[in-house]
Amino acid sequence: MAKSTDFVQTWDLMEEGIMKLTNILEVGKPELQFTCADRIMLYSAIYDLYAVKSYQAEQKLYDKYVESFGDYITSTVLPSLRLKHGEFMLQELVRRWSIHKTLVRVLSRLFQILDRFYVPRKSLPTLNEVGFSCFQKLVYQELNGEIRDAVISVIHKEREGERIDRSLLKNVVDIFIIGMGKMDYYENDFEAALLNDTASYYSRKASNWTLEDSCQDYLLKAVECLKQEKERVFHYLHSSSETKLLAIVRHELLSSVYATQLLEQEHSRFHALLRDDQVQKLSRMYELFFVIPKALDPFADIFKQHVTAEVMALVNQAEDAASNAKLDKKAAGLQQQVFMRKVIELLEKCLAYLNDCFMGHLLFDKALMEAFQIFCDKGVAGSSSAELLATFCDYILKKGGQEKLSDDAIEETLDKVVKLLTYISDKDLFAEFYRKKLARRLLFDKSANDEHERSTITKLKQQYGCLLTSQMEGMVKDLMIARQDQAIFEEYLRNNPHANPGTELTVTVLTAGFWPNFKYSGLNLPAEMVIILIIMCFYLTFLLQGKCVEVFREFYQTKTKQRKLTWIHSLGTCNIYGNFEQKTMELIVTTYQASTLLLFNASDKLSYKDIMAQLNLPDEDVVRVLHSLSCGKYKILYKEPKTKTISHNDVFEFNSKFTDKMRRIKIPLPSPVEEKKVIEDVVDKDRRYIIDASIVQIMKSRKVLDYQQLVTTCIEHLAYKFKPNVRAIKMRIEILMERDYLERDMKNPNLLKYLLLNFAQAIWYPRS
């Protein structure tokens, strides 16, 4: 009984001490001080009770500690909170929470002997946990809804422009997080309601703003709202709320519905920003909308429409210019160069939008690709985009073609050309046209700069691989070797006087696999010609006339006997002198033209049939040569009858009265009309082999594949080089089935099977 009396007396003393402490915290009376002596006295009394080592004493002490908090909250804290509402209730809550934390801290120290021994032994909540748990159970559970609504109401006032006490909200939010000890209370009891209220608030704002404001004003308000919500998170909300809160704001203000409404507004449409080159506004618009699912779709559609309209405007302008019958060939060529330069400038502008404003987003990249492919698939005035681009490169790289551009400007232009080629599906067709024009620049010494030629090939190789450029690299290498061989040939002539052909001779030896398939003819070569010959290495040889040919053949055999020479006279040029009545003139002509003119040394007049028989040339070549000499700008020959076309009944006579203000003139030979068609036919033939190889490769790896899936996969495989025609793929599949590479499944005709081939079977590539 004594021990019980001691416990009661000691706890009465403790209650007096706790009351004194609460009075000090509640009222802040200066005459009441919770001194050090008070702390020591109470701590000693609790220690003496615990020292009895009675289970009942320990349990009673722990229970009384819990009970003291419940009594205080029930009698003092809850009544004071129930009397106040709104922001005043929040202020009282923060004050009560501050007092409660101090009370828990002081009492837990006085009762710390329980934390040291009794609590761990019985696996009970710590004294701190008990103190905060009482506040949670009695205060939070009853008032959390009112607290939440009050906080959201204050935030709503701030959104409407009123000044609020942010530190107050910060302390209240800390009660949700720190006081309750778990983020679940913050997320479930407060954050979820805040997000719902935010969605409703900005949904109403969006509905009003879309009716009242222009697109740009609306976007400025959206930017400001996002900025303000970030500040709220920084000042009084938990950092985890930022992503959720901003997502809600973006969705409500910038959803695809509102995006469409904004785009349809007059004088504030997206394409107007593109038209006026409003880079900053475009960037702001993208930054706002890019995180909203599908919100960018209407913007990408308008971007595609804008680029398509710009491209088609250029194409239509070029078509109108090409339809002008008054334009000569040179003027038409200049118009094409102007058109291609405008297309390249437009692409650069669109790429700037893509990279600077839209951060290279795949949606806008796809829109740009589809818009430019309209031009690439259409072409201009019968010329494909691949041909136009190859011609533009030729204009840039050949002598006298480009304007007075610096080396850096030329390199920059070539970089842009390589970028434009990305949007052209028929890269193999471009490569063939480019290779044809490169051959003419190299063979006729028309390249303005060898470094630019090599640089262009390197750029193409880096971007599209060596398959596109291997032959071009071989052509450039041939020319380098040819210059070295020419020096050796000249040394050979000096050391062998008996081998001197009696004329100046320059020969370029080419590797047949690298160069275009130049036309061979059995021209009867006059021995007296002063000629610059161009030859190619083949595996066949032909008997040719002329001492020059024999001299070089003997020299070449001293170097190698493994290769055979075929002389391509259609690429040769020479200088001849014409003795006219007024003066002697030097004529720069092709081998065919020179051979024709030299026939008139022996005859004054020759018929078409006589010329054709003596030259041993095909009919189309004879027509081109005679037309250039009698119907062109320089009429070296008279023609009867005097028409502008060549017929088999025409008679030709040397024009001794011909004169010109220049003493040295070049007589051009028209290019064959079918040259473009020949290139396209070559490419089309190569594509058949490439499609065959792709089909076999796919089927060899899959063994069995659906017919339509095979077509689709083949298109994907070949997209890097050209855009294959579905009909062509299906035709090649049928041919491969006839050749026993594939067969249809007996049960399901839509399934194709790959057949094992004999080692003797193969698919051959004419060129890489």
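Mentor: Here it is, and we'll take the labels one at a time, bearing in mind that the model is predicted.

Trainee: Then how confident is the predictor in the chain overall?

Mentor: The average pLDDT is 79, and 83% of the residues score at least 70.

Trainee: What does the chain contain in helices and strands?

Mentor: It has 28 helices and twelve strands. Of its 768 residues, 46% are buried. As for contacts between residues at least 6 apart in sequence, 72% join residues at least 24 apart.

Trainee: Why is S447 called buried?

Mentor: Its relative accessibility is 8%, and the cut-off for buried is under 20%. The value falls below that cut-off, so S447 counts as buried.

Trainee: Where does S447 sit, and which residues does S447 touch?

Mentor: S447 is in the loop between α19 (427–443) and α20 (450–464). Leaving out residues up to four places away in sequence, it touches L397, K398, K399, R441, L442 and E453.

Trainee: What makes the S447–E453 pair a polar contact?

Mentor: The two side chains come to 2.8 Å, and the limit for a pair of N or O atoms is 3.5 Å, with one atom able to donate a hydrogen and the other to accept it. The distance is within that limit, so the pair is listed as a polar contact.

Trainee: Now the sheet. How do you know that β6 and β8 pair?

Mentor: Pairing takes at least two bridges, and β6 and β8 (residues 651–654) have three, in the antiparallel sense. That meets the requirement, so they count as paired. Within the pair, S607 stands opposite V651 in β8.

Trainee: And in which order do the strands of that open sheet run?

Mentor: The order is β6-β8-β7, three strands with antiparallel pairing.

Trainee: Why are β6 and β7 called edge strands?

Mentor: β6 (605–607) and β7 (637–640) each have a single partner strand, so one side of each has no neighbour in the sheet. Neighbouring strands here are turned by 25° against each other on average, direction ignored.

Trainee: Which helix lies across β7 and β8?

Mentor: That's α25, residues 619–630, and it runs at about 110° to β7.

Methods
Residues numbered from 1 in each chain as written. Predicted model: local features only at pLDDT ≥ 70, side-chain atom pairs only at ≥ 80, totals over all residues. Heavy atoms only, no water. Helix = DSSP H or I, 4+ residues; strand = E, 2+ residues; numbered from the N terminus. Axes fitted to C-alpha atoms, helices over the stretch in contact; angles between N-to-C directions. Contact = heavy atoms within 4.5 Å. pLDDT = per-residue confidence, 0-100. Buried < 20%, exposed > 50% of the residue type's maximum accessible area, 1.4 Å probe, protein only.
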